[in-house]
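Subject: Handover of a structure and notes on what was found

Dear colleague,

Please find below the structure that I am handing over to you. My notes on it follow, and I would ask you to read them with the model open beside you.

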Amino acid sequence: MTTLTWIITGASRGFGRALAESALAAGDHVVAAVRRPDSVADLAAKYPDDVLIANFDARDIASAASLVRATLDRFGQLDVLVNNAGRAVVGAVEEVSDAQLRELMELHLFGPAALVRAALPAMRTRGAGTIVQMSSQGGRMSFPGVSAYSASKFALEGWSEALAGEVAPFGIRVMIVEPSRFRTEFNATDVLEFTEASETYRDLLAAVRTDMAGTDGRQEGDPTRAAEIIVSLAHGDEVPLRLPLGREAVERISGVYRRGLDEVERWAETARGADFDGVTASARPI
């Protein structure tokens, strides 16, 4: 099997850690881009020739180019970029501050976008590469209490879908991964952020807050199995544009598509009435 070189952000735990371990077990090289280098020191000790630890904050767009340069200097190529670092803020729209919303956008959209831009020249030169965008089932659906998180993941998915069409002619693939609940510490108390509950929304979001706070360690998804799937696809000949992971994600996202189609069909005649009379739809490139 061909040896691949990976950059994985947020590799200290969760999906990032599982992906790093799975890629290394497959004989690949891994650049673990983390805020705390000591968190992956054991991987470097176990795989001294295959691991590069990079001190990296996924929100710091200015450091994206240097991360790619360090990867190329160490391993000579970049085959797979995984934008994985992320977290969530739980609270009603009126409870989430501008700063909190902006921080999630920086983490889930602007940071990944900068890193992709930095990685593309090297991938284009080789005529190959895979970009893995770790989204969520919350990137295709939303519900009360997670507006900020879903907004950032919806943005990432829309940006990545356009990217996929732009880079495909250069042999570069894009895969958007949409997991359900996995035991990744995403719901851990030091990761998941809750806004202060207001009197207006306290009762409305009580069940959501309780569920999000109480699920850590009880999620049905196995991050090791998920990582093995992603690594296998990265080594394979074909990747899907979108990959739901976990039974819940498959069922919920399928339901979203069905309900969306039903709604479009229900209001189709009303919607068509917005066009000028006698004018047919123009031929478009997409």
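How many of the 12 residues of α1 are buried? The count is 10 of the 12, so helix α1 is largely enclosed by the rest of the structure. Before I go further, please note that this is a predicted model.

The protein as a whole

The secondary structure of the protein consists of 9 helices and 9 strands. Its radius of gyration is 20 Å, close to the 19 Å that the globule rule gives for 286 residues, so the protein is as compact as a globular protein of that length. The C-alpha trace spans about 65 × 50 × 35 Å along its principal axes. Of the 286 residues, 48% are buried.

Helix α1 and R17

Helix α1 reaches 17 Å from its first C-alpha to its last, close to the 16 Å expected at 1.5 Å a residue. Its buried residues are G14, F15, G16, R17, A18, L19, A20, S22, A23 and L24. Just after the helix, G27 takes a positive phi of about 90°.

Within α1, R17 deserves a separate look. Is R17 buried or exposed? Its relative accessible area is 15%, and residues under 20% count as buried, so R17 is buried. The side chain of R17 makes a polar contact of 2.4 Å with the side chain of D42. Leaving aside residues up to four places away in sequence, R17 touches G10, A11, S12, S39, V40, D42 and L43.

In soluble globular proteins, nonpolar side chains tend to be buried together. The largest nonpolar core here has 32 residues, and the members that touch the most others are W6, I8, V82, V132 and I230. At least two residues of this core come from each of β1, α1, β2 (29-34), β4, β6, β7, α7 and β9. Helix α1 provides the largest share, 6 residues. A second, separate core has 28 residues, among them I7, A33, V116 and A164.

Helix α7

Helix α7 (residues 223-235) has 13 residues and reaches 18 Å from its first C-alpha to its last, close to the 18 Å expected at 1.5 Å a residue. Its buried residues are P223, A226, A227, I230, V231, A234 and H235. Why do the buried residues of α7 line one face of the helix? Seen down the axis of α7, they fall within an arc of 170°, so they line one face. At the N-terminal end, α7 is capped by D222, with a side-chain oxygen 2.9 Å from the backbone nitrogen of T224.

Helix α5 and S160

Helix α5 has 21 residues and reaches 30 Å from its first C-alpha to its last, close to the 30 Å expected at 1.5 Å a residue. The buried residues in α5 are A148, Y149, S150, S152, K153, L156, E157, S160, L163, A164 and V167. They pack against α4 (98-126), β6, β7 and β9.

S160 is found in α5 (residues 147-167) and is buried, with a relative accessible area of 0%. Which residues does S160 touch, not counting residues up to four places away in sequence? They are Q133, V174 and I176. The side chains of S160 and Q133 are joined by a polar contact of 3.1 Å.

Strand β1 and T5

T5 lies in strand β1 and is buried, with a relative accessible area of 1%. Residues up to four places away in sequence aside, T5 touches H29, T71, F75, Q77, L78, D79 and V80.

A colleague

Terms used:
Residues numbered from 1 in each chain as written. Predicted model: local features only at pLDDT ≥ 70, side-chain atom pairs only at ≥ 80, totals over all residues. Heavy atoms only, no water. Helix = DSSP H or I, 4+ residues; strand = E, 2+ residues; numbered from the N terminus. Expected span 1.5 Å × (residues − 1). Buried < 20%, exposed > 50% of the residue type's maximum accessible area, 1.4 Å probe, protein only. Arc of directions from axis to C-beta. Polar contact = N/O pair within 3.5 Å; in protein donor to acceptor, adjacent residues only side chain to side chain. Contact = heavy atoms within 4.5 Å. Core = buried A, V, L, I, M, F, W, Y, C linked by side-chain atoms within 4.5 Å. Rg over C-alpha atoms; globule rule 2.2 N^0.38 Å.
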